[in-house]
Amino acid sequence: MYRNTRFGDLMKGLPRGFFARAAKETEADKYSKGFGSWDHLLVMVYAQLSGSTSLRSLSARFNSHKA
C-alpha cells in the first residue's frame, strides 16, 4: 500500500506491534466498522505532514494518488 514511498519509510519507524497491543488492551477498535485505529493513525500522520487543513483537502490529496 504505502511501503515503497517516503511515507512508508517514515512509518516503518513506528512499532506497529506495540501499537496493536495498546489498541487491543484499551479496546480502541471495539466499535470499529472497518476503519481501525492503525488506519486512523496513518491518516492523521499523513494529514499533519501534508499540511492538510480540512477533511476535504485531505480527501483530495488521497484521491490524487492512484495507488
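The loop between α2 and α3 is where Ser-32 sits.

The model is predicted, so local features need a pLDDT of at least 70 and side-chain atom pairs count only at pLDDT 80 or more, while totals for chains, interfaces and linings use all residues. Residues are numbered from 1 along each chain as its sequence is written, and side-chain values use heavy atoms, with hydrogens and water left out.

As for the overall layout, the chain has four helices and zero strands, and its elements run α-α-α-α from the N terminus on. Taken along the principal axes, the C-alpha atoms fill a box of roughly 35 × 25 × 20 Å. Of the 67 residues, 21% count as buried. The chain exposes about 5700 Å², and 57% of that is supplied by carbon and sulfur atoms; accessible areas come from the Shrake-Rupley method with a 1.4 Å probe, and for residues only the protein chains shown count as cover. A contact means heavy atoms within 4.5 Å. Among contacts between residues at least 6 apart in sequence, 32% join residues at least 24 apart.

How do the helices pack? Helix α2, residues 16-25, meets helix α3, residues 37-50, at an angle of about 125°, and their axes are 10 Å apart. The axes are lines fitted to C-alpha atoms, for helices over the stretch in contact, and the angles run from 0 to 180 degrees between N-to-C directions. α2 and α3 are therefore oblique to each other, because angles under 35 degrees count as roughly parallel, over 145 as roughly antiparallel, 65 to 115 as roughly perpendicular and the rest as oblique. On the α2 side the residues are Arg-16, Phe-19 and Ala-23, and they meet Ser-37, Trp-38 and Leu-41 in α3. By class, this contact of α2 with α3 divides into four nonpolar residues, one polar and one charged. In that scheme Ala, Val, Leu, Ile, Met, Phe, Trp, Tyr, Cys and Pro are nonpolar, Asp, Glu, Lys and Arg are charged, and the others, Gly among them, are polar.

Leaving out residues up to four places away in sequence, Ser-37 touches Phe-19, Ala-23, Ala-28 and Asp-29. Ser-37 and Ser-64 are 27 residues apart in sequence, with 23 Å from C-alpha to C-alpha.

Next comes the pairing of α3 with helix α4, residues 55-63, where the angle is about 95° and the axes are 11 Å apart. That makes α3 roughly perpendicular to α4. From α3, the contact draws on Val-43, Tyr-46, Ala-47 and Ser-50, and from α4 on Leu-58, Arg-61 and Phe-62. The contact of α3 with α4 has five nonpolar residues, one polar and one charged.

Then there are the charged pairs. Side chains of opposite charge can pair when their charged atoms come close. With a salt bridge taken as a side-chain nitrogen of Lys or Arg within 4 Å of a carboxyl oxygen of Asp or Glu, the count comes to two. One joins Asp-9 to Lys-12, whose closest N and O atoms are 3.5 Å apart. Asp-9 is partly exposed at 46% relative accessible area, whereas Lys-12 counts as exposed at 60%. In the other, the side chains of Glu-27 and Lys-30 meet at 3.7 Å, N to O.

Glu-27 is found in the loop between α2 and α3 and is partly exposed, with a relative accessible area of 48%. What sets its backbone apart is the phi angle: most residues other than glycine have a negative phi. Glu-27, though not a glycine, has a positive phi of about 55°.

Conventions. Helix = DSSP H or I, 4+ residues; strand = E, 2+ residues; numbered from the N terminus. Buried < 20%, exposed > 50% of the residue type's maximum accessible area, 1.4 Å probe, protein only.
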